[in-house]
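Thanks for coming. I have one structure to go through today, and I will start with a question once it is on the screen.

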Amino acid sequence: MKKIIIKNGQIVNHDKILHADILVENGIIKKIENEISAENALIVEAKGKYVLPGGIDAHVHFHLPTAAGFSSDDFISGSRAALAGGTTSVIDFVTPQKGQSLVEAYKFRLKEAENATVNVKFHVSPIEWTKNTAYEMEELVEKHGVTSFKIYLAYKSGIGINDDVVLKVLETAKKLGVLVTAHCENDEIISFLRRKFIQEGKTTPQYHPLSRPAESEFETVNRFMLLAKYVETPVYVVHVSTKLAIEAIEKAQNSGQVVYAETCPHYLLLNDSVYEYEFEKSAKYVLSPPIRKKEDSEALWKAIQTGVVQTIGTDHCPFNLQGQKDIGKNDFTKIPNGAGGVEHRLELLYTLSLIHI
């Protein structure tokens with residue numbers, strides 16, 4: 001039996017901070033109290049340090065297939081990065097092909113994650129509605145322990161769904177007692193602006209945030225919450241990036257609607273000036289929703305303090321600059337969207353919270 005004693009640390013739990021020792025046996029915490037001793041135990045001295053539970057990142061994309069190739073972290077390298085940053089559990093995504101069973105896609109994704117060195121769970125994404133979709137959702141919940149589904153209100157040409165399908169997913173999730181999460185951006189506005197900018201020769205990363213305005217997120221967050229209101233089921237809005245969306249979510253919460261909100265470190269730390277650099281630097285920040293303005297970041301920090309935002313995930317989805325991001329050198333719409341973050345989330349949040357909270 002392998003024993004580890006972590007001594008003299010400041011232990012940070014969800015409800016309090018205490019100075020004590022921790023006894024771990026075979027990877028399981030067995031005891032937290034003062035002055036623990038045990039024969040043949042490995043002693044880890046933690047005096048002057050915080051001892052935190054392993055972090056949970058509820059939004060990562062490891063080994064994500066795209067037109068530019070897979071995202072540059074697979075489940076091995078991604079989980080190593082997570083562990084290096086104190087995160088021991090992640091929730092990734094199952095996104096099927098059109099016509100593919102949700103259950104089949106889920107089982108395939110499980111195999112891809114077999115070599116991960118952190119705990120991995122999945123949100124599953126219905127990208128269409130067939131005669132089998134409700135039964136497949138039920139099977140995933142009852143036989144495979146899936147507790148959440150992720151829908152896209154953007155990307156209508158591929159994985160995005162229309163409101164009639166959104167309602168069916170929400171109704172089914174309500175019956176099953178599980179949560180629906182959503183990527184909320186108005187696809188029609190974005191598609192129109194992207195086409196317009198490219199036709200006008202506006203091809204640099206500077207036009208990425210301009211093609212995905214704050215109002216696009218605000219409108220779609222509002223619409224998603226309205227649909228959920230009439231189905232009477234809780235929902236979760238991923239990677240909230242704007243002051244407008246936060247105000248809408250807070251209003252819904254204050255009315256009694258159950259809406260959970262997530263944001264990401266890059267929306268808290270950065271502002272849209274990152275798109276003013278040369279391509280090699282600015283392309284790194286092409287992700288969706290884009291980095292916003294300083295006032296949006298300030299609103300997000302306030303929302304964390306007031307409890308409007310409950311979770312901070314990374315939306316971890318990195319790509320190499322050469323051979324992936326640079327595919328869009330002459331057309332920002334071709335730059336694969338995404339950036340890293342799973343390794344640095346907890347460190348950044350600790351450092352930034354000293355300033356903002």
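In which helix do Glu112 and Arg109 both lie, and how many residues apart are they? This is a predicted model, so please keep that in mind throughout. The helix is H2, and the two residues sit three apart, about one turn of the helix. Arg109 counts as buried because its relative accessibility is 7%, under the 20% cut-off. Glu112, at 23%, is partly exposed. Asp92 belongs here as well: Asp92, Arg109 and Glu112 are linked in a network of salt bridges.

Arg109 also turns up among the contacts of Val94, a residue of strand S7. With 1% relative accessibility, Val94 counts as buried. Leaving aside residues up to four places away in sequence, Val94 touches Ala105, Tyr106, Arg109, Phe122, His123, Val124 and Ser125.

Next, helix H1, residues 75–84. Its buried residues are Phe75, Gly78, Ser79, Ala81 and Ala82. They cover an arc of only 155 degrees around the axis, which means that they are on the same side of H1. The cover over them includes strand S7, helix H2 and strand S8. On the face turned away from the buried side are the exposed residues Arg80 and Ala84. Just after H1, Gly86 has a positive phi of about 85 degrees.

Back to salt bridges. The whole structure has 12 of them. One joins Lys174 to Glu232, the closest N and O atoms being 3.8 Å apart. Lys174 is in helix H4 and Glu232 in the loop between helix H7 and strand S11, so the pair ties together parts 58 residues apart in sequence. Glu232 is exposed at 60%, whereas Lys174 is partly exposed at 39%.

Another joins Lys329 to Glu280, at 2.5 Å between the closest N and O atoms. This pair also links distant parts of the chain, 49 residues apart: Lys329 is in the loop between strand S13 and H12, and Glu280 is in helix H10. Both are partly exposed, Lys329 at 41% and Glu280 at 35%.

Last, the surface. Ile17, Tyr50, Leu52, Tyr350, Leu354 and Ile355 make a nonpolar patch of about 700 Å². Helix H12 gives the largest share, three residues. Leu52 is located in the loop between strands S5 and S6.

How values were computed: Residues numbered from 1 in each chain as written. Predicted model: local features only at pLDDT ≥ 70, side-chain atom pairs only at ≥ 80, totals over all residues. Heavy atoms only, no water. Buried < 20%, exposed > 50% of the residue type's maximum accessible area, 1.4 Å probe, protein only. Helix = DSSP H or I, 4+ residues; strand = E, 2+ residues; numbered from the N terminus. Arc of directions from axis to C-beta. Contact = heavy atoms within 4.5 Å. Patch = residues over 30% accessible without salt bridge, like charges linked within 9 Å, V, L, I, M, F, W, Y side chains within 5 Å. Areas by Shrake-Rupley, 256 points an atom, 1.4 Å probe, with all protein chains shown as cover. Salt bridge = Lys/Arg side-chain N within 4 Å of Asp/Glu carboxyl O.
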